[in-house]
Amino acid sequence: MQVVIVATPAEVGRLAAAKIGHLVRSRPDAVLGLATGSSPLAIYAELTRQVAEEGLDCLQVRAFALDEYVGLPPEHPESYRSVLMRDVVKPLGMDPSNVHVPDGAAADVAAACEAYEARIAETGPVALQILGIGANGHIGFNEPTSSFASRTRIKTLAPKTRADNARFFGGDLDAVPRHCLTQGLATIMSARHLVLVATGTGKAEAVHHLVEGAVSAMWPGTVLQHHPHVTVLLDGAAAGRLQLAEYYRQTYLAKPAWQGI
Ligand code: F6R
């Protein structure tokens, strides 16, 4: 696991976007894993700039979302399908038919989850998966006690996650769905490169467990300690509880530029 600590959330976004831009330039139909929420917004903003100013072409990029709410119609402005179309697909000039989101409105949820897994298996592997992390340590919506062997399935959102996400629903907790479909931890682990971004003091405890804690289903992100290629990009606040922060800083400074992240 490579831990990179930089000064600002914008710098976190720039580093991740530089890696993604490089990947798409070398493989125009690369398969990306997309996260929603606040953490990846700086990445999408920087990629949008690369599209506008540097001619980055994302038309052939294929992508899979990590998760989707259950109980919101797909056209709801806060469904993850809508959010991704608005914040990623449109600004990056991607082809919407190349972008897949679990079907949170499906009548047969189990079949929808199986179909999603099958599509990832057909199209994948995901070359680079963007991840955020919940304050309770979830990745995707794999809440504490999720199985490390889990695949795409329905989950009940933890009270902390619903409270944190109420900000996207005008602060109205009752408007936040109670269930979601999420890629499982094993699904996420099958991506080639996992790039997790976290900023702000609210993530410091989860980041501490993720990087330096014991591997435990109580902190689902700790499963990443078993993945051979993980990059954790943090600002100083999110890195605030890391015991070896100075070591990570020195390691990154000493890294040859050609290695990138
Ligand atoms: C979103 C997702 C979640 C978020 C996490 C952090 O697709 O899978 O794991 O990454 O809840 O959310 P933010 O970035 O809003 O703090």
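Student: Which atom of the ligand lies 2.7 Å from a polar side-chain atom of Thr36?

Tutor: It is an oxygen atom of the ligand. Please keep in mind that this is a predicted model. In reading such a pair, one asks whether both atoms are N or O and lie within 3.5 Å, which is the cut-off for a polar contact.

Student: What distances do Ser38 and Ser39 have to an oxygen atom of the ligand?

Tutor: For Ser38, a polar backbone atom is 2.8 Å from an oxygen atom of the ligand. For Ser39, an N or O atom of the side chain is 2.5 Å from an oxygen atom of the ligand. The protein covers 93% of the 410 Å² of accessible area that the ligand has on its own.

Student: Where does the ligand sit?

Tutor: The ligand takes up the space of the largest pocket.

Student: Which residues around the ligand come nearest?

Tutor: There are 14 residues around the ligand, and Ser39, Asp67, His138, Gly140 and Lys203 come nearest.

Student: How many helices and strands does the protein chain have?

Tutor: The protein chain has eight helices and 10 strands. Its radius of gyration is 17 Å, close to the 18 Å given by the globule rule for 261 residues, so the chain is as compact as a globular protein of that length.

Student: What does the C-alpha trace of the protein chain span along its principal axes?

Tutor: The C-alpha trace spans about 55 × 40 × 35 Å along these axes.

Definitions and conventions: Residues numbered from 1 in each chain as written. Predicted model: local features only at pLDDT ≥ 70, side-chain atom pairs only at ≥ 80, totals over all residues. Heavy atoms only, no water. Near = heavy atom within 4 Å. Polar contact = N/O pair within 3.5 Å; in protein donor to acceptor, adjacent residues only side chain to side chain. Areas by Shrake-Rupley, 256 points an atom, 1.4 Å probe, with all protein chains shown as cover. 1 Å grid on protein atoms, 1.4 Å probe; cavity = no way out; pocket = protein on both sides within 12 Å on 5 of 7 lines; lining within 4 Å. Sits in = over half its atoms within 2 Å of the grid points. Helix = DSSP H or I, 4+ residues; strand = E, 2+ residues; numbered from the N terminus. Rg over C-alpha atoms; globule rule 2.2 N^0.38 Å.
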